[in-house]
Amino acid sequence: MKILVYNFKGGVGKTAFSLAYALEKDFGVVTNDTYSPLEKVLPEDRVLKLNKSASVPDFPADYDIVFDFGGYIDQRVIEAAKMSDWVVIPTAPDFIELQVTLETIKEVERYNKRIVIVANKLGKDDLEHIQEVIGAFFDYPVFPVKNSRLFGKIFEERKSISAIAGENGLARYTYRVIIKQFNKILEHIG
Ligand SMILES: Nc1ncnc2c1ncn2[C@@H]1O[C@H](COP(=O)(O)OP(=O)(O)O)[C@@H](O)[C@H]1O
Ligand SMILES: [Mg+2]
């Protein structure tokens, strides 16, 4: 399986989601980011950084890959969108992020309509706002992911969310909301 995690905008949680997903499902990650933090976090054979001019390799259908892609839609993004089973679009609640997210959806849905929006870094009342803005233009499902230190922990400890949750009861309790939210997304996209 392949999923494309994409937004034109930086800082919305593309890499955090890609890493969490890849660790959870044992996927490799391919990124178009010149300075991807994943190189420091994942073993060499689990991450491929495409250099500036490289196109997306013609991966066999049974390769499990997360494409962690940012920037404006170009040939590589289009290729990744076409070969992916799902397009996950993380967004944050601020005005600029939401405007850019609407533009991102509009462009990428031309190539793949199996789109899931991750309303990320949520504070109180943010979900309703995001659903309203996205829902005014599109019908795609919006999944909440609250603001949580868990994402920093994933980078630090290089462990999946379920591994962190499985460590002890306190971790399971502390991160109970985010674990549930993440699992909802996994249930939807597999
Ligand atoms: N749900 C969240 N709660 C808190 N911090 C988050 C969340 N998702 C991502 N972050 C943090 O926000 C920052 C930007 O996320 P990142 O995944 O690098 O964004 P992008 O890849 O879209 O540029 C990182 O420090 C990341 O750990
Ligand atoms: Mg990134």
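Student: Which residue in S4 stands opposite leucine 4?

Tutor: In this predicted model, strand S1 (residues 2-7) and strand S4 (residues 65-70) run parallel and are joined by six bridges. Among the contacts of leucine 4 beyond its neighbours within four places in sequence are Phe69, Ala80 and Val87. The residue that stands opposite leucine 4 in S4 is phenylalanine 67.

Student: How many of the six residues of S1 are buried?

Tutor: A residue counts as buried if 20 or more other C-beta atoms lie within 10 Å of its own. S1 is largely enclosed by the rest of the structure, because the number of its six residues that are buried is five.

Student: Which residues have the most contacts inside the largest nonpolar core?

Tutor: In soluble globular proteins, nonpolar side chains tend to be buried together. Here the largest nonpolar core has 44 residues. Helix H1 (14-25) supplies the largest share of this core, seven residues. Those with the most contacts inside the core are Leu4 and Ala20.

Student: Which element gives the most to the shell around ligand 1?

Tutor: There are 14 residues around ligand 1, and Gly10, Gly13, Lys14, Thr15 and Ala16 come nearest. By class, the shell has four nonpolar, eight polar and two charged residues. Strand S6 (115-122), helix H6 (150-157) and H1 each supply at least two residues. The element that gives the most, with three residues, is H1.

Student: Is aspartate 125 buried or exposed?

Tutor: Aspartate 125 is found in the loop between S6 and helix H5 (126-135). Its phi is positive, about 70°, although it is not a glycine. Most residues other than glycine have a negative phi. Because aspartate 125 has 9 C-beta neighbours inside 10 Å, and 12 or fewer is the criterion, it counts as exposed.

Student: What is the phi of arginine 158?

Tutor: Arginine 158 lies in the loop between H6 and helix H7 (161-167). With 14 other C-beta atoms within 10 Å, arginine 158 is partly exposed. Although arginine 158 is not a glycine, its phi is positive, at about 55°.

Student: What separates the C-alpha atoms of arginine 114 and valine 88?

Tutor: Arginine 114 is found in the loop between helix H4 (95-108) and S6, and is partly exposed, with 15 other C-beta atoms within 10 Å. Not counting residues up to four places away in sequence, arginine 114 touches Asp85, Trp86 and Val87. Arginine 114 and valine 88 are 26 residues apart along the chain, and their C-alpha atoms are separated by 8.6 Å.

Student: What radius of gyration does the protein have?

Tutor: The protein contains nine helices and seven strands, and its C-alpha trace spans about 45 × 40 × 25 Å along its principal axes. A compact globule of 190 residues would have a radius of gyration near 16 Å; the protein agrees with this, because its own value is 16 Å.

Student: Among contacts between residues at least 6 apart in sequence, what percentage join residues at least 24 apart?

Tutor: Buried residues make up 35% of the 190 residues in the protein. Of the contacts between residues at least 6 apart in sequence, the share that join residues at least 24 apart is 71%.

How values were computed. Residues numbered from 1 in each chain as written. Chains lettered and ligands numbered in written order. Predicted model: local features only at pLDDT ≥ 70, side-chain atom pairs only at ≥ 80, totals over all residues. Near = placed C-beta within 6 Å. Helix = DSSP H or I, 4+ residues; strand = E, 2+ residues; numbered from the N terminus. Nonpolar A, V, L, I, M, F, W, Y, C, P; charged D, E, K, R; others polar. Core = buried A, V, L, I, M, F, W, Y, C linked by C-beta atoms within 7 Å. Contact = placed C-beta atoms within 7 Å. Pairing = 2+ DSSP bridges. Rg over C-alpha atoms; globule rule 2.2 N^0.38 Å.
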